[in-house]
Amino acid sequence: MCGGVFYMYKGEEYRYYFPNPKAVLPVKTKTETVLIPWGRRKEQVGRLPNGGWARLDSIYAGRWEKYFPVPVKLAINQFMEKDIEQTSHWFDITKGKWIQGLIARDGAEQRVYVVTVEPEMADAVHDRWPRIMSG
């Protein structure tokens, strides 16, 4: 489901895990990369959905429409998943590919969510996997 990320931003290395309320993700715009808060935790003020992920099927079903969703590219080098024994594993993002994100808004509140899909592997540990894009 992408519980952690590693990326470079302005020459510095960043490693965030979703439970950290200060976690931000690097969003690529046409001219620059900007850091936007990663999802919302239950204890955080706001009206955007709790969690840090947006299921692709829920986006297609229109459940995110009230948050004015905008698809974005996340400039992440690696993401972390835990296996069934809760051991962390880091996965590289191949050069030329990126993780798809979704920016959601409610008034002045803006957050980014990792778009997830069902994994293609039949024996996958998780039922959701970050959507990796290319092009």
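This is a predicted model: local features need pLDDT of at least 70, side-chain atom pairs count only at pLDDT 80 or more; totals for chains, interfaces and linings use all residues.
**Entry 1: the main core**

I began with the largest nonpolar core, which has 22 residues. Which of them touch the most other members? I found Val5, Leu25, Trp38, Leu74, Val112 and Val114. I then looked up where the core residues come from: β1 (4-9), β3 (24-28), β6 (70-74), β9 (97-106) and β10 (109-117) are the elements that give two or more residues each. I also noted another core apart from this one, with 10 residues, including Leu48, Ala54, Leu56 and Val115. For background, I jotted down that nonpolar side chains tend to be buried together in soluble globular proteins.

**Entry 2: leucine 25 and isoleucine 76**

Is isoleucine 76 buried or exposed? Its relative accessible area is 6%, and the cut-off for buried is under 20%, so isoleucine 76 counts as buried. With neighbours within four places in sequence set aside, I found isoleucine 76 in contact with Val5, Phe6, Tyr7, Leu25, Pro26, Ile93 and Ile99. I also checked isoleucine 76 against tyrosine 17: they are 59 residues apart in sequence, and their C-alpha atoms are 13 Å apart in space.

**Entry 3: the largest pocket**

Next I went to the largest pocket, with a volume of about 260 Å³. It is lined by 16 residues, and the closest to its centre are Lys28, Leu74, Ala75, Lys97 and Trp98. Leu74 was already in my notes as one of the core residues that touch the most other members. Which elements give two or more residues to the lining? My answer is β1, β6 and β9. I sorted the lining by class and got seven nonpolar, five polar and four charged residues.

**Entry 4: salt bridges**

How many salt bridges does the structure hold? I count two. In one, the side chains of arginine 47 and aspartate 106 meet, at 3.2 Å from N to O. This pair links distant parts of the chain, 59 residues apart: arginine 47 is in the loop between β4 (33-37) and β5 (53-55), and aspartate 106 is in strand β9. Arginine 47 has 61% relative accessibility, which is over the 50% cut-off, so I logged it as exposed.

The other bridge joins glutamate 109 and arginine 111, with the closest N and O atoms 2.9 Å apart. Here I found both glutamate 109 and arginine 111 buried. A reminder to myself: side chains of opposite charge can pair when their charged atoms come close.

**Entry 5: positive phi**

Last, I looked at phi, keeping in mind that most residues other than glycine have a negative value. Lysine 10 has a positive phi, near 55°. I placed lysine 10 in the loop between β1 and β2 (12-17). At 71% relative accessibility, lysine 10 counts as exposed.

Phenylalanine 68 also went into the notebook, with a positive phi of about 50° although it is not a glycine. Where does phenylalanine 68 lie? I found it in the loop between α1 (56-60) and β6. Is phenylalanine 68 buried or exposed? Its relative accessible area is 59%, over the 50% cut-off, so I wrote it down as exposed.

Note on methods:
Residues are numbered from 1 along each chain as its sequence is written. Side-chain values use heavy atoms; hydrogens and water are left out. A nonpolar core is a set of buried Ala, Val, Leu, Ile, Met, Phe, Trp, Tyr and Cys residues joined through side-chain atoms within 4.5 Å. Buried means under 20% relative accessible area, exposed over 50%, partly exposed in between (1.4 Å probe, protein chains only). Helices (H or I, at least four residues) and strands (E, at least two) are DSSP runs, numbered from the N terminus. On a 1 Å grid over the protein atoms alone, a cavity is a set of points where a 1.4 Å probe fits but cannot get out, and a pocket is an open set with protein on both sides within 12 Å along at least five of seven lines; lining residues have an atom within 4 Å of a point. Grid points are joined across faces, edges and corners, and a volume is the space filled by probe spheres set on the points. Ala, Val, Leu, Ile, Met, Phe, Trp, Tyr, Cys and Pro count as nonpolar, Asp, Glu, Lys and Arg as charged, and the others, Gly among them, as polar. A salt bridge is a side-chain nitrogen of Lys or Arg within 4 Å of a carboxyl oxygen of Asp or Glu. Contact means heavy atoms within 4.5 Å.
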